Structures are given as structure tokens and as C-alpha cells.
Amino acid sequence: MQKILLPILVAITMLNFVKVSAQEEIDLNSALIDSSLVKNANAVVLSEEVTIEIKSVNSITTKVKKIITVLNKYGDRYADSYEIFDQSRRIKKISAIFYDHEGKQIKKFKKSDFIDRSMIDSGELFDDTRILYINYTAIGYPYTMVFESEIENSTTAFIRPWKPISSNYLSTQKSTYTISNPRELSLKVKEANFENYDIDTRKNGDSTIYSIVNIPSKEPEVLSPMGDDIFPSVNVALTTFVLEGVRGTAVDWKSLGKWMYEELLRDRDQLPQETIDEVAKLVEGAKTKKEKAKLIYEYVQEKTRYISVQLGIGGWMPFLASDVDRLGYGDCKALTNYTKAILESQEIPSYYTVVFAKRRKDIDPDFTSIQGNHVILNIPDKEEDIWLECTSQTAPFNFIGDFTDDRNVLIVKPEGGEIKRTKKYEPEENTFLTQATVHLKADTSMKASIEEISKGLEYDKRYGIQFMPPKDQKLYNKKKWGYINNLEVNSIQLKDDKDDIQFIENINVSSRNYAKKVGNRLLVIPNVFSCDQINLPKYENRTTPFLISKGYINTDEYVIHLPEGYVLNNLPEKKMLESEFGKYTYELEKIDESKIKFKRYLKIIDGTFPKEKYEEYRKFRSEIKKIDKSKIILKQV
């Protein structure tokens with residue numbers, strides 16, 4: 001009897017295992033995952049194998065096998081069972097198998113079970129990219145997914161990088177990345193952030209293999225740099241590549257920029273003569289290049305609108321300028337090329353510029369490859385370069401805000417590419433001035449008229465308020481001053497001064513019980529409108545440096561009218577804090593028996609600081625918050 005049952009038991013047990021390689025199998029019973037990997041994790045990558053085979057300058061095969069255990073509903077997003085494809089990217093194989101917490105198979109998806117749909121999203125007009133994906137709804141946790149795919153790509157300008165730590169709350173038991181280059185094509189490899197990790201790198205014939213094991217999940221830390229700046233990665237690029245059938249060269253930035261100009265931009269700047277004549281008439285009264293450029297930028301803003309288009313040599317070639325002129329729309333590439341064409345028709349040279357937009361990320365000057373996700377325009381000027389965001393119908397001339405500020409970009413010129421840095425907005429440029437007249441009443445109520453003037457990145461943060469419905473404008477301000485009891489926003493007037501690039505808000509507010517009555521005294525917080533709400537957590541063992549991404553200066557000055565029959569009991573001493581992170585002052589002045597003046601100044605300096613400095617910064621902000629809430633005593637006379 002035992003001789004019959006034993007093979008059956010072995011077969012049943014083996015159902016829990018998945019073969020990773022000829023030498024290795026993984027038990028899918030989630031109870032066996034090391035506790036150090038489960039702690040603080042929403043999912044655990046049991047195994048990830050990415051193999052890149054560079055067959056030729058126009059052929060790369062990418063194989064992926066990923067085994068991931070999802071521990072709870074927050075980990076579902078890591079079970080990314082999809083692949084993207086287009087005319088140059090073919091999905092040879094794709095499958096996904098799901099297992100329960102014991103390792104028993106729940107559901108199997110073969111290629112024909114995957115859903116095929118276009119990648120066109122809202123705001124997009126054209127996109128020839130498609131996606132194969134599955135819809136799987138978890139019936140319980142934990143569960144495990146085994147996902148496999150094989151992609152053949154005739155576009156070799158982009159090679160999948162290695163990012164073994166892709167997110168917080170995600171542990172990695174093992175991740176392996178193999179680059180196979182049997183034809184020994186000229187290859188660039190950039191390893192980053194290896195110093196704090198035990199990464200095994202080895203050669204095996206024509207292959208280079210990277211692997212890492214047992215990386216516990218990372219909990220996010222406030223003000224931490226982006227993952228690309230702290231987590232390990234390997235980026236790979238061919239010196240000679242193919243993009244949608246077009247061969248290119250990236251020996252250095254000069255050669256890559258020259259290729260981009262010749263293959264993507266050349267002869268795409270032709271305009272109808274009537275448009276050239278119309279613009280010439282528009283700028284004939286302007287005296288300087290900058291004045292002409294401003295008129296042209298505003299002309300394009302009025303005439304065109306932004307819409308995403310992902311066609312033309314892998315989505316990298318812009319529409320013809322003549323088509324944008326006729327249709328009145330385009331994506332960032334098309335609108336930038338169109339603006340460039342109009343400027344050059346008036347003998348104003350400008351340069352198509354590739355950039356990483358939104359989050360602050362540099363084009364890596366030490367790794368020549370096609371990078372970036374957006375395009376802006378550069379106009380060289382004697383005093384300072386002019387930068388234009390050509391997709392915005394509302395941004396002022398020569399204002400790029402934090403969407404593309406202070407980062408390395410690639411300037412594309414006919415003679416080749418050049419790395420430049422976009423404008424950095426210094427703290428002294430990012431100002432927010434609040435002036436107010438405040439009337440306090442004996443019944444504890446308050447009325448105030450406020451003027452707020454924002455400039456620089458503070459302008460960028462606020463000028464969009466004008467496009468909100470009036471109801472939402474009021475809600476925005478009520479939320480901003482949420483610490484004021486029973487606040488009512490009675491009126492709002494807004495002015496967007498695009499010439500001086502400043503946004504002015506005039507607001508009237510009231511509160512039924514701003515002050516607190518104690519016997520015959522009133523307790524009042526004189527800092528009515530700028531109480532710091534930042535609450536930074538304390539870390540016993542912080543692991544990352546901290547980043548203050550934006551420096552700024554906030555200045556407040558209020559004239560506070562005291563309630564009739566009340567006087568200020570004692571005038572508090574001026575308070576001042578100063579550190580390498582900035583400066584803060586807080587003071588009250590007596591104007592006369594019925595009025596006092598409140599003044600506050602806060603300067604924050606941007607930069608990346610070592611983790612050891614975080615606690616000092618936390619205490620600096622905590623002390624500011626404490627002082628901001630200081631009360632004064634008004635005594636009845």
C-alpha cells in the first residue's frame with residue numbers, strides 16, 4: 001500500500017513548485033516566505049529573470065519570467081501581467097498562472113486569453129501602440145502569479161533596464177538580469193547606486209549577469225529622493241541602433257543630436273507664406289528679439305491647442321509645421337517644432353529641446369542614448385536663455401515652472417546635440433507675499449481683507465486657481481485656512497499678470513469665533529493666515545538623504561485692529577531661527593493703542609542633505625510651527 005501512495009504524495013507535493021531554471025525550483029506556498037521579506041510588504045517578488053539577447057543592430061529579444069506573491073489588496077498593482085506592442089515590437093509568448101496561498105493553481109491564462117486593446121487614452125488623438133493584458137480579480141490573499149513573456153523588437157533604441165527595487169512596500173527574494181551580446185556590438189552599460197547593495201556581477205561567455213537576493217521592502221520616508229536616485233539600476237544602450245527602421249548613432253551627444261535633427265526634424269519646418277506674412281506684420285513694431293519671441297509665443301497659444309499624438313518614427317518625429325498651422329493642434333513635438341518654424345521665419349534662431357518633464361530628472365550626460373519624455377524650446381539670448389513650454393495655452397512667455405525647471409536637457413542643433421541646464425528658480429524668485437487688514441471684534445469674530453502675490457514657482461503653484469469654478473475657489477481657500485474655525489470666504493478677485501509673471505489674489509474672509517474668550521480677556525493667534533501645517537515624522541534610523549526640492553520666501557505683514565475696549569497686555573519679543581535650511585523671523589509691533597502690526601518671514605533653501613541632517617531640519621520646522629501658533633492676550637479695559 002505504501003509503495004502505491006508514495007509516488008502520488010510526491011506528485012501532489014511537486015504541484016507547489018515552479019521551475020525557475022534547470023537548477024532551481026521555487027515552492028509557491030506563501031507560508032514559507034522568509035518573515036523578513038513579508039514584514040511591511042504588500043508583495044514579494046520570489047523570482048524575476050529578465051534576459052536581453054542582442055541579436056543584431058535591428059533585433060533584440062527580451063524574455064521575462066516573474067513570480068510574485070501578493071500579500072494583500074495593496075499589492076495587486078505589482079501583479080503587472082501585460083505587455084505593450086506595436087509594428088516593431090512583437091509578442092512571441094505571453095502567459096500568466098495564478099496560485100492560491102498553498103501553491104495550488106487557481107487560473108491559467110494563455111496568449112489567446114489576453115485582451116488586446118489600443119493604448120489611446122483620454123487626451124490622445126493618435127497612437128499605434130497596443131496592449132495585451134488580463135483582468136484578474138483576487139478571490140483571496142495571499143496569492144501568487146507566475147508571468148512569462150517573450151518579445152521580439154526590431155527597434156533597438158530602447159533596451160529594458162534592470163530595476164530590482166521598483167517600489168516601496170515590495171520585497172525581492174531574487175532578481176536576475178542577463179545581457180547577451182553574441183555579436184559583440186558596441187554597447188554602453190551604466191550601473192547606478194550599487195554601493196549600498198550586495199550585487200553579484202559575473203561574465204558567462206558573451207553574457208553579463210547581474211543578480212541580487214533578499215532585499216526587504218522599503219518603507220517610504222518623507223522628502224526622500226526619487227527611487228532612480230537611490231535604488232540600484234543598470235541601463236543599457238547600443239552605440240548604433242534602429243528606431244522604427246531608421247538607423248541611428250549615439251557615440252556621443254553631438255552625434256545623437258545630429259542624427260535627431262537630420263532624421264526627425266529636417267524639412268519639417270515649412271510654413272505657408274500667408275502665415276509668415278501674418279506673423280511678420282504682428283512683430284513689425286517689436287524692437288528686440290525677446291519682444292518678437294513673446295508676440296510669436298502668444299500667437300501660437302491663441303492659434304493652437306495640445307493633443308497627444310504618438311506616431312512617426314516611434315512617436316519621436318513631430319507633425320509637419322504646415323499641418324499644425326492648418327489643423328490648429330499638435331503634441332509637444334509638433335507644437336514645439338511649429339513655434340520654432342515661426343520664430344525662424346522671423347530670423348529668430350531656436351532649438352528643439354528634449355527633456356524629462358514633470359518630476360525633476362536629468363538627461364544623463366554620461367550615458368548617451370535616447371532619453372526624455374517631453375519637448376520644449378530653447379531660444380539662446382545674450383543675458384539668459386529663453387525657455388518656452390509650447391504645449392500650454394495659459395503659461396506666461398519664458399516661464400516653464402517646475403514642470404521642466406533646473407535639469408539637464410538635450411538641445412538639438414543642425415551640427416549636433418548639446419547638454420544644457422534649464423532655468424533654476426532661486427528662493428528669492430519664488431516668493432509669496434501676504435498682506436492683510438484684520439478686524440477683531442469683542443464677540444470673538446474676525447473680518448479680514450487679504451492680498452496675496454505669488455511669483456516664480458509660487459506663481460506656478462497658484463495661477464491655475466483662476467480656471468476653477470467660483471465654488472471650488474472658495475473650497476480651495478477654506479481648505480488652505482482649515483485651521484480657522486467657522487471660516488467664511490466672502491469674495492475672491494484674481495488677477496493673472498503675465499507680463500510680470502505674478503498672480504494676485506484679493507480675498508475677503510470672516511470667522512464667527514476666531515478669538516477665544518477667557519474671563520475678561522481674549523486669546524488671539526496674530527498669525528492669522530500663514531500658520532505652518534507641515535508635520536514631519538521622526539525616524540529612529542532614517543536610511544535615505546532628504547530632498548528639499550523647492551526653495552522659497554514667504555513674507556507676511558498684517559495690520560490687526562484690536563476689538564474696541566481691549567488693549568494688548570504684553571508685546572512679545574521678536575523670535576528668529578536660522579540654519580543651513582533657511583531663516584525665520586516672527587515679530588509684533590505696536591502701531592497705537594488700537595492697532596498692532598504682525599510680520600513674518602520664512603526662507604527655505606532647496607538642496608539634497610545627508611540623512612544625518614534630517615532630525616535637525618525636522619526640529620527647525622517643528623519650532624516654526626510652534627511659534628506660528630503663538631497667542632497674544634488682549635485685556636479688557
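For the search, a 1 Å grid is laid over the protein atoms alone; a cavity is a set of points where a 1.4 Å probe fits but cannot get out. A pocket is an open set with protein on both sides within 12 Å along at least five of seven lines, and lining residues have an atom within 4 Å of a point. Grid points are joined across faces, edges and corners, and a volume is the space filled by probe spheres set on the points.

**Ground rules**

I am working on a predicted model, where local features need pLDDT of at least 70, side-chain atom pairs count only at pLDDT 80 or more, and totals for chains, interfaces and linings use all residues. I number residues from 1 along each chain as its sequence is written, and side-chain values use heavy atoms, with hydrogens and water left out.

I checked pLDDT, the predictor's confidence in each residue, from 0 to 100. The protein chain averages 93, and 95% of the residues score at least 70. Residues 1-14 fall below 50, and this stretch has one contact in the model beyond near neighbours in sequence. Contact here means heavy atoms within 4.5 Å. Where pLDDT is low, the predicted coordinates should not be read in detail.

**Cavity and pocket**

I went back to the largest cavity, which holds about 50 Å³ of space. Its lining is Arg360, Asp405, Asp406, Lys424, Tyr425, Asn430, Leu457, Ser549, Lys550, Gly551 and Asp606. By class I get six charged, three polar and two nonpolar residues. Ala, Val, Leu, Ile, Met, Phe, Trp, Tyr, Cys and Pro count as nonpolar, Asp, Glu, Lys and Arg as charged, and the others, Gly among them, as polar.

Next I opened the second largest pocket, with about 690 Å³ of space. I see 29 lining residues, with Lys218, Ile230, Phe231, Thr543 and Thr544 nearest the centre. Helix α3 (residues 227-230) gives the largest share of this lining, four residues. Helices (H or I, at least four residues) and strands (E, at least two) are DSSP runs, numbered from the N terminus. The pocket lining divides into 11 polar, 10 nonpolar and eight charged residues.

**Helix α4 and its end**

In α4 (residues 253-265) I list Trp253, Ser255, Leu256, Gly257, Trp259, Met260, Tyr261, Leu264 and Leu265 as buried. Buried means under 20% relative accessible area, exposed over 50%, partly exposed in between (1.4 Å probe, protein chains only). The cover over these residues includes strands β17 (240-243), β18 (246-249), β22 (351-355), β25 (408-413) and β26 (416-421), and helix α8 (332-345).

Aspartate 267 follows α4, in the loop between α4 and α5 (273-283). Its phi is positive, near 65°, and it is not a glycine. I find aspartate 267 exposed, at 57% relative accessible area.

**Other backbone checks**

Most residues other than glycine have a negative phi, and most peptide bonds are trans. I place asparagine 40 in the loop between α2 (35-38) and β3 (43-56). Asparagine 40 is partly exposed, at 37%.

I then found a cis peptide bond between tyrosine 141 and proline 142, with omega about -5°. Proline 142 sits in the loop between β10 (130-133) and β11 (143-153).

Asparagine 378 is in strand β23 (residues 374-379). Its relative accessible area is 0%, so I count it as buried. Its side chain makes a 3.2 Å polar contact with the side chain of aspartate 385. A polar contact is a pair of N or O atoms within 3.5 Å; within protein, one must be able to donate a hydrogen and the other to accept it, and residues adjacent in sequence count only if both atoms are side-chain atoms. Beyond four places in sequence, asparagine 378 touches residues including Tyr351, Trp387, Ile411 and Lys420.

Glutamate 344 is in helix α8. I read it as partly exposed, at 32%. Glutamate 344 and aspartate 269 lie 75 residues apart in sequence, yet 9.0 Å apart from C-alpha to C-alpha. Outside four places in sequence, glutamate 344 contacts Asp269, Pro349 and Ser350.

Glutamine 435 is in strand β27 (residues 431-440). Glutamine 435 is partly exposed, at 33%. I get 5.8 Å between the C-alpha atoms of glutamine 435 and isoleucine 450, which are 15 residues apart in sequence.
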